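Hi there,

Here is the structure I promised to pass on to you. Have a look at it first, and then read my notes below.

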Amino acid sequence: MIYLSSFLFSEESVDNPNIYPYNAFSEKTERRLYFGPVTMLYGNNASGKSTVLNIIANKLQGQEYVTSNKYGRVAYFARFVEGVGILWGNVSGNSSA
């Protein structure tokens, strides 16, 4: 069974600290998430759980995040998603890009 093995946040930054989703992870020190066959995301309200899932869905072409193009939100979100790295794994422990 193939699953998402790891997720690397975009290293890109923007000058405006209020641009979503850049602002959601600006203070986070961990830049990579590792997943197992079953992974749970947990945390306080507004900690970024849904944002991470939206980014993963978009990276995998799920197109979960939908908003108007007002203020360039779609463009910034798409640019962030392009900079995200993913690594696939399987239950036997072998990884592939």
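Reading along the sequence, you will find the order β-β-α-α-β-β. That makes two helices and four strands, where helices (H or I, at least four residues) and strands (E, at least two) are DSSP runs numbered from the N terminus.

Some bookkeeping before the details. This is a predicted model, so please keep in mind that local features need pLDDT of at least 70 and side-chain atom pairs count only at pLDDT 80 or more, while totals for chains, interfaces and linings use all residues. Residues are numbered from 1 along each chain as its sequence is written, and side-chain values use heavy atoms, with hydrogens and water left out.

The chain as a whole

Of the 97 residues in the chain, 28% are buried; buried means under 20% relative accessible area, exposed over 50%, and partly exposed in between (1.4 Å probe, protein chains only). The accessible surface comes to about 6,700 Å², and carbon and sulfur atoms hold 51% of that. Those areas come from the Shrake-Rupley method with a 1.4 Å probe, and for residues only the protein chains shown count as cover. Taking the contacts (heavy atoms within 4.5 Å) with a separation of 6 or more, 65% are between residues 24 or more positions apart.

Strand β1 and its partners

Which strands does β1 pair with? One is β3 (residues 85-90), in the antiparallel sense over six bridges, with Leu8 opposite Gly85. Another is β2 (residues 32-34), also antiparallel, over three bridges; here Phe7 has Leu33 as its bridge partner. Two strands are taken to pair if DSSP finds at least two bridges between them.

The rings of Phe7 and Phe9 have centres 4.9 Å apart and planes at 85°, so they are edge-to-face. For the cut-offs, rings of Phe, Tyr and Trp (its six-membered ring) pair if their centres lie within 6.5 Å, and planes under 30 degrees apart count as stacked, over 60 as edge-to-face and the rest as tilted. Both Phe7 and Phe9 are buried.

The salt bridge

How many salt bridges does the structure hold? There is one, between the side chains of Arg79 and Glu12, at 2.7 Å from N to O. It links distant parts of the chain: Arg79 is in helix α2 (residues 73-82) and Glu12 in the loop between β1 and β2, 67 residues apart. The criterion is a side-chain nitrogen of Lys or Arg within 4 Å of a carboxyl oxygen of Asp or Glu. Arg79 is partly exposed, with a relative accessible area of 34%, and Glu12 is partly exposed with 34% as well.

Two more residues to look at

Ala46 has a phi near 65°, a positive value in a residue other than glycine. You will find Ala46 in the loop between β2 and α1 (49-59), and its relative accessible area of 83% means that it counts as exposed.

Leu53 belongs to helix α1 and is partly exposed, at 48% relative accessibility. Leu53 and Leu41 are twelve residues apart in sequence, with their C-alpha atoms 9.2 Å apart in space.

Enjoy exploring it!

Best wishes
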